[in-house]
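Take a look at the structure below. This short report goes through its helix, its sheet and its pocket.

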Amino acid sequence: EDIDEYVLYTAPSNLEADEIVIIKAKDTKDIEIIREKIAKRVETIGTSFKDYIPEEYHLVEKHIVDSKQNYVIFIVSEKADEIEEVFKNSFK
């Protein structure tokens with residue numbers, strides 16, 4: 001109910017932690033709620049990969065959550081910094 005639309009990219013198998021989601025909040029006041037839900041997601045995947053596939057856990061540890069206007073991005077990827085930069089530049 002806080003989300004207007006979203007796009008989600010996940011790894012092709014559950015052996016990889018890669019995940020990118022871009023969320024358009026209905027209103028900027030919903031951003032904090034969305035960030036809280038993302039924090040819960042980080043806990044969930046962190047717990048899974050820490051014990052299940054520790055070599056993927058480092059990606060979860062260095063995840064990025066950023067927001068601009070009424071958009072939020074959550075990134076778990078080896079290229080997280082590059083993806084975040086593209087996200088930021090799309091608002092210029």
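## Helix, sheet and pocket

Start with helix H1, residues 31-52, in this predicted model. H1 lies across strands S1, S2, S3 and S4. Its axis runs at about 10° to S4, which spans residues 71-76.

Now turn to the sheet. Strands of a sheet pair through backbone hydrogen bonds, and the pairing can be parallel or antiparallel. Here the sheet is open and has 4 strands, with antiparallel pairing. The strand order is S1-S2-S4-S3. Why is one side of S1 and of S3 left without a neighbour in the sheet? Both strands stand at the edges, and each has a single partner strand, so one side of each has no neighbour. From one strand to the next, the twist averages 10°.

The strands named so far have these residue ranges:

| Strand | Residues |
|---|---|
| S1 | residues 3-10 |
| S2 | residues 19-25 |
| S3 | residues 64-68 |
| S4 | residues 71-76 |

How many bridges join S1 to S2? There are 7, and the two strands run antiparallel.

Rolling a probe the size of a water molecule over the atoms shows where empty space is left. The largest pocket holds about 160 Å³ of space. It is lined by 13 residues, and the closest to its centre are Ser13, Asn14, Glu16, Arg41 and Phe49. H1 gives the largest share of this lining, with 5 residues. By class, the lining has 5 nonpolar, 4 polar and 4 charged residues.

Notes. Residues are numbered from 1 along each chain as its sequence is written. This is a predicted model: local features need pLDDT of at least 70, side-chain atom pairs count only at pLDDT 80 or more; totals for chains, interfaces and linings use all residues. Side-chain values use heavy atoms; hydrogens and water are left out. Two strands pair if DSSP finds at least two bridges between them. Axes are lines fitted to C-alpha atoms, for helices over the stretch in contact, and angles run from 0 to 180 degrees between N-to-C directions. Contact means heavy atoms within 4.5 Å. On a 1 Å grid over the protein atoms alone, a cavity is a set of points where a 1.4 Å probe fits but cannot get out, and a pocket is an open set with protein on both sides within 12 Å along at least five of seven lines; lining residues have an atom within 4 Å of a point. Grid points are joined across faces, edges and corners, and a volume is the space filled by probe spheres set on the points. Ala, Val, Leu, Ile, Met, Phe, Trp, Tyr, Cys and Pro count as nonpolar, Asp, Glu, Lys and Arg as charged, and the others, Gly among them, as polar.
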